[in-house]
Amino acid sequence: MKIEEYLETLPDNLLSGEDVQLPEKSFRDIFKFVNLGKDDVFYHLGCGDEKGLEIAVNEFGVKRAVGIDNNSEKIKHARKILEERNLKAELICEDIQKTDISDATVILFWFTDETIIQNMMMKFENLKQDTKIITIWGPLPDCLPDKVDFPYIINKTPFKKAQSMQEQLLAIFGVKCVDFVTAWEFAERYTKAIGTPEIKNDRFLTIIQTLVIWINAKKLGVVCGDEIPESIKTYINIMKMHFDIDFEYLLKE
Ligand SMILES: C[S@@+](CC[C@H](N)C(=O)[O-])C[C@H]1O[C@@H](n2cnc3c(N)ncnc32)[C@H](O)[C@@H]1O
């Protein structure tokens, strides 16, 4: 089966990211990376629960912490935990596209929905200077990252526009061209950052991410050399032979 067909077999609430939550370690890594502190007003867009807010308040002492989610059940559950723990944070049940985020200094924004991203870009572009929007895996559309600790990316206002996706990709990976080693290294970082410690099949995930990174880079014309690296050929064969997942057709497109 083609990789797309395989992905369609995965639970939609996971593939869409609806019920994906960052592990605590990731929140701490992200907050250290963005240097979150007592003068910050932190917004967690699509927060899902209170975890990020709790760490931002208790461990980084932010001035204000606000979680926005349009799922009333999730917000109700998270509010109950905030009250039980007497935590000074706010939860708003609302569509983030409607929310006033004008006082934000740091925003965590992990969305893949193209329409939501486009609509939020208009809001982000009107935020005050030096507001930091954290994204994961990729920068905001057409933006050059301010800082990268892959898969965490800081986009800072006013945004620096990228001339091309090639420029964006190379800015993320910090290389002149993408080879197998770079693809593997960044795939591993993503799996480690997003995966929970007890994850069993992180090698399987890393192989899929590596092939996705390298094949996307090839399509953008930023891979090193003209030949398909032996390691890429090997993993494409392994995915086909052992998991019946096909990537080859992507190289022909
Ligand atoms: C976008 S992801 C966020 C993933 C992850 N929870 C995070 O920490 O970034 C999924 C969450 O966003 C919420 N969500 C999806 N669309 C939304 C919207 N338009 N406005 C507010 N929340 C939204 C979902 O209810 C879900 O809890």
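Start with E73 and K76: their side chains meet in a salt bridge, N to O at 3.6 Å. By salt bridge I mean a Lys or Arg side-chain nitrogen within 4 Å of an Asp or Glu carboxyl oxygen. This is a predicted model: local features need pLDDT of at least 70, side-chain atom pairs count only at pLDDT 80 or more, and totals for chains, interfaces and linings use all residues. Numbering runs from 1 along each chain as its sequence is written, and side-chain values use heavy atoms, with hydrogens and water left out.

Back to the pair. E73 and K76 both sit in helix α5, residues 72-84, 3 residues apart, about one turn. Helices are DSSP runs of H or I, at least four residues; strands are runs of E, at least two; both are numbered from the N terminus. E73 is exposed at 51% relative accessible area. K76 is exposed too, at 55%. The cut-offs: buried is under 20%, exposed over 50%, partly exposed in between, with a 1.4 Å probe and protein chains only.

Next, K161 and E125. Their salt bridge is 3.3 Å, N to O. This pair links distant parts of the chain: K161 is in strand β9 (160-161), E125 in helix α6 (114-125), 36 residues apart. K161 is partly exposed at 43%, and E125 is partly exposed at 41%.

How many salt bridges does the structure hold? It holds 16.

Last, L10. This leucine lies in the loop between α1 (3-8) and α2 (12-15). L10 counts as partly exposed, because its relative accessibility is 31%.
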